[in-house]
Amino acid sequence: MPPNYIYSEFCYHWLSAVTGFTPDNNTFVNADYNSDGYVSLEEAFYYANTNDTRPETPQYYSNKPCLGASMDLNGVFNYSCFGIDLYTRDNSRDNGIEPLMNSFPGITDSPDIWVRNQQDGDTIHQAIIHGTNYLYVRIANRGSDTSWTSDSIKVYTKPAFLHYFNSYPHAWQLLCKAKLPRIAGGRDTVVCIPFNSSDLSITGLDYGFYTRIESPFDPLNNTEINSVSRNVEDNNNISLKNVLFTNILRMANNYGLAVSFVTTAISPDNPYSGFRLNFNVNDLNILNEAEVTIVFPEDLITDWTPTSENIKQLTANTFLVTGETVEITDVPETDVTLRYNFLTNGNTPDNIFKNHITQYVGDDEELVGGLTIQVEKPERAANEMFTANAGNDTAILIGTNATLHATQINETATYRWYDKQRTFKYEGLNYTVTPTETSEYILEVTAESDGYRDLDTVKVNVVPGCIRSITPNPVSDNWVTVSYEYASTVTSAHLYIYNTGTTTLVGNYDLSNLDNVGGLDIEVTNYPTGSYTVVLVCDNAVCHSKILIRQ
């Protein structure tokens, strides 16, 4: 940020990018994102726009689609701009520059590759079904010249697994090759390629797609190697769609949506890896709509426990996601399951969410795997949404217990109780607790049909004394009975009655010489109509109160 805003902030960063130094103190700046020895006008704009913190909206335009990426302050340095440059996007921020300038949204969910079960032209990616499916690929031309009919696209496929380290080409099956139409400079086109599920090596699985544009006038920027991620990032002709779909999970005590993947060991000498999960993709944070839990095998947890800032252990092997990014290191080869339970109080119309997972090894975090999870919210009518009800807050004496009652909803569901820290305690409608201090408990209600969930909190106040009841209440005749109880260790107990509106004391009763469990009859003949607060004081401290209504 420029000191004291001597400069327009965007201009400050733009000048820093094109000159290589900040104008105020000559600090070195490197905006050469693709390391080709030039800082293009497009790279300078990207650097300035990324670092600009002011609320302004700078615009970028190139009258030839890739001219800005081919010029610096000295003029044109890459004349291929005036030819053909076909590409597919690797993520929503990809503009075709090689190598990929911004891989933050991930490279496993190209927006230019999608499958449809019908030839309907829709762009929402679907899981492959038995029979005929349709693969759509969008190809754009960053150059100024029209491409040729000799150009084509090859599509390779393999089951959608997290791990794809050194998997190309031996693990990928050639699915098809399709001719491309001529594409004018600055324009794009979408090709539709029918294929049958029987064309795949194993049916019934989710599949990833690896696409490569082939053109004699637009060769690969870098020769393909066995690293899929390097091929994708170094070549705008190559893109990846590696997506798993969630399935409805209906197992004992586990209901909702789920998907599983394996953190494969890279080698016997390197059995551990790290993985990073991002739950906020394209500004859609699934944690605003659902609870997400990560489940590891129980036998694994006996020897290893995952640690991350944004997870909370619920049970021995189940961890609640509490933040949009979760990073877990030193993970052995194991199965991992993600479970999704949408909340009945979700307040957005969005139905499709995506999560990105990346697997890496070593201190330099070499990328060895990546996967996108596509989560589709189950349909449920608004009038079928339910509310968890753990009952009203209650008070108990020290050393006694209380039974919490969940209100049963109108469908089959599981009822789980947790403490305030969300540690699992009990499953069932009624839960008896004996807290030694005032405590809160969380009720979790999960529908077995689709995993929808709601939560409620109830407080159990642990007090030296309490007012059990006031009867009748409201009162219209002359007497009420206040039932009370206080601990045997209490040395003095008093009952006070105040006019709620005026705070005037209208009644004072010493309970110290009475049984610690009893009922006190109180005449209210002279009480004017209104509201009164009945307060129990034990050993000079207020321990409980209730409202009395005089009619």
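Trainee: Hi! Which residue in β22 does V243 stand opposite?
Mentor: V243 faces T372 in β22. Keep in mind that we are looking at a predicted model.

Trainee: Got it. How many bridges join β10 to β22, and which way do the two run?
Mentor: Three bridges hold β10 (residues 238-245) to β22 (residues 366-376), and the two strands run parallel.

Trainee: And what sheet is that part of? What is the strand order?
Mentor: Both strands sit in an open sheet of eight, ordered β7-β6-β9-β10-β22-β21-β13-β19. The pairing in this sheet is mixed.

Trainee: Which strands stand at the edges there?
Mentor: β7 (173-179) and β19 (325-331) do. Each has a single partner strand, so one side of each is left without a neighbour in the sheet.

Trainee: How much are neighbouring strands of that sheet turned against each other?
Mentor: By 20° on average, direction ignored.

Trainee: Let's look at the three-stranded sheet now. What is its order?
Mentor: The order is β30-β31-β34, and that open sheet has antiparallel pairing. Its edge strands are β30 (465-471) and β34 (517-523), each pairing on one side only. On average, neighbouring strands in this sheet are turned by 25° against each other, again ignoring direction.

Trainee: How many bridges join β30 to β31?
Mentor: Six, with β31 covering residues 479-486 and running antiparallel to β30. If you want a pair to click on, I467 stands opposite Y484 in β31.

Trainee: Nice. What about β28 and β29, what do they form?
Mentor: They make a hairpin with five residues between the strands. In the turn, G451 has a positive phi of about 80°. Eight bridges join β28 to β29, and the two run antiparallel.

Trainee: Which way do β23 and β29 run?
Mentor: Those two run parallel, joined by four bridges. There, A395 stands opposite N461 in β29.

Trainee: Switching to charges: how many salt bridges does a search of the whole structure find?
Mentor: The search finds 24.

Trainee: Pick one for me. What does R89 form a salt bridge with?
Mentor: With D112, and the closest N and O atoms are 2.9 Å apart. Both residues lie in the loop between β3 (86-87) and β4 (113-116), so the pair ties together parts that are 23 residues apart in sequence.

Trainee: Is D112 buried or exposed?
Mentor: D112 is buried, with a relative accessible area of 3%. R89 counts as partly exposed, at 24% relative accessibility.

Trainee: Where does D450 come in? Which residue does D450 form a salt bridge with?
Mentor: That would be R380, with closest N and O atoms 2.9 Å apart. The pair links distant parts of the chain, 70 residues apart: D450 is in the loop between β28 (439-447) and β29 (453-463), while R380 is in the loop between β22 and β23 (394-397). Both D450 and R380 are buried.

Trainee: Last one: which residues are linked in a network of salt bridges?
Mentor: K154, K177, R212, E214 and E224. Within it, the side chains of E214 and R212 meet at 2.7 Å, N to O. R212 is buried, with a relative accessible area of 7%, and E214 counts as partly exposed at 22% relative accessibility.

Conventions: Residues are numbered from 1 along each chain as its sequence is written. Side-chain values use heavy atoms; hydrogens and water are left out. Two strands pair if DSSP finds at least two bridges between them. Axes are lines fitted to C-alpha atoms, for helices over the stretch in contact, and angles run from 0 to 180 degrees between N-to-C directions. A salt bridge is a side-chain nitrogen of Lys or Arg within 4 Å of a carboxyl oxygen of Asp or Glu. Buried means under 20% relative accessible area, exposed over 50%, partly exposed in between (1.4 Å probe, protein chains only).
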